[in-house]
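Please go through them with the sequence and the model side by side.

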Amino acid sequence: MKTILNIILVVAACLLGYMCYRSVQLPVEFNTEVARREAVIIQRLKDIRTVQEAHRDKYQVYASSWKQLINFAKTAEVPIVNKIGSLTDQQLADGLNEKNAWMYLCDPKKYSKEIEKFGLSKETFSRDTVFVPLLQKDSSLIRPDFNIDSICYIPFAENPSDTFRLEVGSVTTQSGYEMSLFQAQADYKTYLWDLDQQEVANKIDDKKQQEKYPGLQVGDATEANNNAGNWE
């Protein structure tokens, strides 16, 4: 009887020790996995921001749907200025700037006096604008793991077709200018769905108490924030 009791006590002690270990280890494992997943999602949100800002630069507004944004990325051409040479300190001191210098050189008959005055030559100074596809121009998008067709999907979601929540808006500045805004979001429940639910609930409650979005977000559709991510 005493032997059986000792065995029970040893098993109980081992079980208690394991439970204590897991109570400490579980949050560590949870946070490690969250960090791994969020690194992937953050990169995708950065890609969304890159393409959206290119869309705004061309059309002055952000794309309001994933279809619109993806089609833009596939077909858009953006300007690149090929630069040869630079203005001398003396030319700058004389009041010349790059814009005017290239304007003079592009119309030598009209601006012959200016070209002679500043000593300009296309052999030593040129600014030629060419247009290239967006996906070939932006170095941050030229990666083996980048796929424009997947940019809208939330990694690690239970449903592979779950997309980031995309919203657009605008604010009017004090000068009367209407500024276009956008935001893209992925909530914790979507990309942490298969992890410990109590840990997920704690994470959500913590953000709600701070009155912050319980997930990852880039931009803001209600107020200007320079398209910052809430992880930055």
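1. A residue is called buried when its relative accessible area is under 20%, and exposed when it is over 50%. The model is a predicted one, and the points below should be read with that in mind.

2. In helix α2, which spans residues 66–75, the buried residues are Trp-66, Leu-69, Ile-70, Phe-72 and Ala-73. Around the helix axis they cover an arc of only 160°, which means that they lie on the same side of α2. Lys-67 and Thr-75, by contrast, are exposed, and they are found on the other side of α2.

3. How many aromatic pairs does a search of the whole structure find? The search gives 5. One of these is formed by Tyr-62 and Phe-182, whose ring centres are 4.9 Å apart and whose planes stand at 45°, so the pair is described as tilted. Because Tyr-62 belongs to the loop between α1 (2–59) and α2 while Phe-182 belongs to strand β4, this pair ties together parts that are 120 residues apart in sequence. Tyr-62 counts as buried because its relative accessibility is 6%, and Phe-182 counts as buried because its relative accessibility is 0%.

4. Tyr-104 and Phe-118 make an aromatic pair of the stacked kind, with 6.4 Å from centre to centre and 10° between the planes. Tyr-104 is in helix α4 (residues 98–106) and Phe-118 is in helix α5 (residues 112–118), so the pair links parts that are 14 residues apart in sequence. Tyr-104 is buried at 12% relative accessibility, and Phe-118 is likewise buried, with a relative accessible area of 12%. Together with Tyr-111, Tyr-104 and Phe-118 form one aromatic cluster.

5. Strand β4, which covers residues 178–187, also holds Gln-183. Is Gln-183 buried or exposed? Its relative accessible area is 8%, and Gln-183 is therefore buried. A polar atom of the Gln-183 side chain lies 2.9 Å from the backbone nitrogen of Ala-221. When neighbours within four places in sequence are left aside, Gln-183 is in contact with Arg-165, Leu-166 and Glu-167, and also with Gln-217, Val-218, Gly-219, Asp-220 and Ala-221.

Notes. Residues are numbered from 1 along each chain as its sequence is written. This is a predicted model: local features need pLDDT of at least 70, side-chain atom pairs count only at pLDDT 80 or more; totals for chains, interfaces and linings use all residues. Side-chain values use heavy atoms; hydrogens and water are left out. Helices (H or I, at least four residues) and strands (E, at least two) are DSSP runs, numbered from the N terminus. Buried means under 20% relative accessible area, exposed over 50%, partly exposed in between (1.4 Å probe, protein chains only). A polar contact is a pair of N or O atoms within 3.5 Å; within protein, one must be able to donate a hydrogen and the other to accept it, and residues adjacent in sequence count only if both atoms are side-chain atoms. Contact means heavy atoms within 4.5 Å. The arc is that of the directions from the helix axis to the C-beta atoms. Rings of Phe, Tyr and Trp (its six-membered ring) pair if their centres lie within 6.5 Å; planes under 30 degrees apart count as stacked, over 60 as edge-to-face and the rest as tilted.
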